[in-house]
Every structure is written in structure tokens, then in C-alpha cells.
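Reader: I would like to go through the side-chain contacts of this model with you. Could we begin once it is on screen?
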Amino acid sequence: MVETMSEITPPDPDRMRASDADRDAVAHRLQEAFAEGRLDPDEHSERLDAVYRAKTVGELVPLTQDLPAVSGPAAPAAPTPGDFRSPRPIYGADRIVDQPPTSSVAIAVMGGADRSGSWVVPENFVAFALMGGVELDLREARFTARETTIWTYTVMGGIGIVVPDDVQVRVHGLPVMGGFGVGGGTPSVVDPGAPIVHVRGIAVMGGVGVDYRRRKHQKRQDEIEE
């Protein structure tokens, strides 16, 4: 019996369950490779999605096999939660950061303007559209305060606000031959400390629309599960 147990093959290291530190180390290396120009935006996004889907160490290994080894420590420190520079998707209360806003106004006059990506939204943001369109994508946004007000003013134009499922939105606008609306299905469960966005303003012969949409990594996860 003793001889039999001594002959048991040790577990394959690649099949070991990956820890958060393992995932963060790989994500950090991918971010460096992206900054160095070794990965284009699509490749970086695809590999990053795979990092946070990975359950074992073996699933993480191929994601950096074609990248040169870093000259520093083999396992970099995990990114600080809430740091908007971290490539790891953040949710709820972690969206509130102590960082200066990257933009406070978006103006479109017979044209278009948009804000998207990992931008930092101030406590008060102004969007103005005159015979034009403004789109504000908050899916990867960070906020300087828990409660944010987006002041919307549109005349014969449109303002679209895209939000993720972990941000609450409350609309208080005044339509004048126009409209304010919310689509895409509001979230049923939200982190108690998650950001709250108030949409206020006026729409004259125009429209302001709030649309809940899935984030890119959530869409891909759904496709895999299907």
C-alpha cells in the first residue's frame, strides 16, 4: 500500500488553480507589452479578457509566451484596486477614484462629440448639442464623486449616455417637443457604494437617451458560455 501511494504522479503545475496574484501579474505584463507596441489594442483586449477568465495556471501561460521576459521581478505587484490605470475591469464602488477629471464638457454644433474609454468624470459634467450629437460612454469610466450630475442641453440634436450594469442612473430632464428616455434594462442589483449618475437638463426638439449596455468582456463571456 505504501509503495502504491509513493508511485502516485504529482499534480501537473499547469493544472493548479490560478490565484488573483497570478492573473494580475499576467495582466501587468500585457499592459507593458501594449505600451511597448508589441500588442495592438484588439490583441491586448482579447488577451486581457482571457486572463480574467482563466481558472488554471496553464491557461495563463500561452498569453505571454510570445513576449520577451521582463528585466525586473518575475511577478510584478498586483495593481491597486480603484487605480484607473489598472487593466483589470472594475465595478461598483471601485469606480470612485481620487484623480483629476479628464474632461468636464462635450459640445457638438452641427457635428459630433464623444467621450469613452477609461476617462474620469467630474462631479458636474456638461453636454451640449445643437443640431449635432454627443455620446458619453460610461462603461469603463471612473468618477471623482459617488454622485455625479450630467447637465444635458440639446436643441434639435441628440445626447446619448451609455452606462454599465453597476452604475445607477436617475433622469430628471425637461423635454420640450423632445424626450428623455432610458433603455436596455436597468440593473436589478447594484453595489451599495456604486456611483449614482443624475441626468438633468432640457431637450428642445431633440432627445436625451440613456442606454444600459454590456461591457466588452461581459459580451465575450456570454458568447463562451453559449
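Reader: Which side chain does arginine 95 meet in a salt bridge?
Author: Arginine 95 meets the side chain of aspartate 166, at 2.8 Å from N to O. A salt bridge here is a side-chain nitrogen of Lys or Arg within 4 Å of a carboxyl oxygen of Asp or Glu. Please note that this is a predicted model, in which local features need pLDDT of at least 70 and side-chain atom pairs count only at pLDDT 80 or more, while totals for chains, interfaces and linings use all residues. Residues are numbered from 1 along each chain as its sequence is written, and side-chain values use heavy atoms, with hydrogens and water left out.

Reader: Where in the chain do arginine 95 and aspartate 166 lie?
Author: Arginine 95 is in the loop between helix H4 (57-60) and strand E1 (105-109), and aspartate 166 is in the loop between strand E8 (158-163) and strand E9 (168-171). The pair links distant parts of the chain, 71 residues apart. Helices (H or I, at least four residues) and strands (E, at least two) are DSSP runs, numbered from the N terminus.

Reader: Is arginine 95 buried or exposed?
Author: Arginine 95 is buried, with a relative accessible area of 0%, and aspartate 166 is buried at 7%. Buried means under 20% relative accessible area, exposed over 50%, and partly exposed in between (1.4 Å probe, protein chains only).

Reader: How many salt bridges are found in the whole structure?
Author: The search finds six. Among them is the pair of arginine 215 and glutamate 140, at 2.7 Å from N to O. Arginine 215 is buried at 0%, whereas glutamate 140 is partly exposed at 25%.

Reader: Which ring does arginine 215 lie over?
Author: Arginine 215 lies over the face of tyrosine 91, 4.6 Å from the ring centre. The criterion is NZ of Lys or CZ of Arg within 6 Å of the ring centre and within 35 degrees of the ring normal.

Reader: Changing topic, how many aromatic pairs does the search find?
Author: It finds one. The ring centres of tryptophan 119 and phenylalanine 125 are 5.4 Å apart and their planes are at 75°, so the pair is edge-to-face. Rings of Phe, Tyr and Trp (its six-membered ring) pair if their centres lie within 6.5 Å; planes under 30 degrees apart count as stacked, over 60 as edge-to-face and the rest as tilted.
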